Amino acid sequence: MTMQTARSTGLVPYIPDNAPFNEEQRAWLNGFLAGIFSAAQPAAVADTLPSLKIAVLYASQSGTAEGLARKVAKGLKSKGHIASLSSLEGYTPAALAEERYAIFIASTYGEGDAPDAVQPFYEKLCVEHFPRYQDLSYSVLALGESHYEHFCKFGIDLDNKLASLGAVRLHDRVDCDVELDEVFAQWKQGLYSRLESRRRSASCQKCPVLVRHNFLT
Ligand SMILES: Cc1cc2nc3c(=O)[nH]c(=O)nc-3n(C[C@H](O)[C@H](O)[C@H](O)COP(=O)(O)O)c2cc1C
């Protein structure tokens, strides 16, 4: 059955038994097709996309970065991702190396430093000299106030340190001043759309035949 026929008849296409797939691949593909062609089509397509496991990490002293991090984690969950929320207080570079996606929301204090409780994490990260985060995609939202000499410096330093350790920027860092609502909304939007692209390409890697034959367009 062609995809065109399936759409016009409402019948669900399937992978025939003699197609060149093993049982597991056939089961996955049939599930995938069933999802796409079920009655509730748009929701079904979203359901077939894989969830990404994403760590939302914040460096906060008076709560602003923490509040924004909560919103990001909630937003990611509502999009079907598996999002965890943690303070960088007590967090370790080793734990970060286990992650594939990390979102940082970091405020600046002192002479352009991390919030007090986060300094141990950053000191440990600075001891690392060799790339070990090649598998990590990340983005930093830096919080600060532009009347300070070292505007958003901790967020900037953290972003640069992660890049120097091999991590890949999923979305460029954005620096927020006191009026941050609009900037935050734009960064969040950009971040979500990058994650959506990653999720779609992760889905396509699982299903190379459908992509190769352009069945999904
Ligand atoms: C004592 C103090 C020092 C600060 N130092 C800086 C600074 O050096 N650079 C900067 O950009 N912002 C600085 N800020 C502003 C904070 O980073 C900003 O208000 C941020 O939104 C606070 O986030 P938080 O509530 O998550 O801690 C400072 C704020 C305070 C109260």
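**View 1. The largest nonpolar core has 43 residues.** A nonpolar core is a set of buried Ala, Val, Leu, Ile, Met, Phe, Trp, Tyr and Cys residues joined through C-beta atoms within 7 Å. Buried means 20 or more other C-beta atoms within 10 Å of a residue's own; exposed means 12 or fewer; partly exposed lies in between, with C-beta atoms placed from the backbone. Val 56, Ala 102, Ile 103, Phe 104, Ile 105, Ala 106 and Leu 141 have the most contacts inside this core. At least two core residues come from each of β1 (53–59), α4 (64–78), β3 (101–107), α6 (119–127), β4 (137–143), α7 (153–164), β6 (174–176) and α8 (181–206). Helices (H or I, at least four residues) and strands (E, at least two) are DSSP runs, numbered from the N terminus. The model is predicted: local features need pLDDT of at least 70, side-chain atom pairs count only at pLDDT 80 or more, and totals for chains, interfaces and linings use all residues. Residue numbers start from 1 along each chain as its sequence is written.

**View 2. Leu 141 and its contacts.** Beyond neighbours within four places in sequence, Leu 141 touches Leu 68, Ile 105, Val 174, Cys 176, Phe 184 and Trp 187. Contact means C-beta atoms, placed from the backbone, within 7 Å.

**View 3. Helix α7 and its cover.** Buried residues in α7 are Lys 153, Phe 154, Gly 155, Asp 157, Leu 158, Asp 159 and Leu 162. Their cover includes β1, β3, α6, β4 and β6. The 12 residues of α7 should span 16 Å at 1.5 Å a residue, and the end C-alpha atoms are 16 Å apart, which agrees. Expected span is 1.5 Å times one less than the number of residues.

**View 4. The ligand is surrounded by 19 residues.** Ser 60, Thr 64, Ala 65, Ser 107 and Gly 144 are the closest. A residue counts as near when its C-beta atom, placed from the backbone, lies within 6 Å. The shell holds seven nonpolar, 10 polar and two charged residues. Ala, Val, Leu, Ile, Met, Phe, Trp, Tyr, Cys and Pro count as nonpolar; Asp, Glu, Lys and Arg as charged; the others, Gly among them, as polar.

**View 5. Gln 25 in helix α2 (residues 23–37).** Gln 25 is partly exposed, because 15 other C-beta atoms lie within 10 Å. Its C-alpha atom is separated by 9.7 Å from that of Ile 15, 10 residues apart along the chain.

Note on methods
Contact = placed C-beta atoms within 7 Å.
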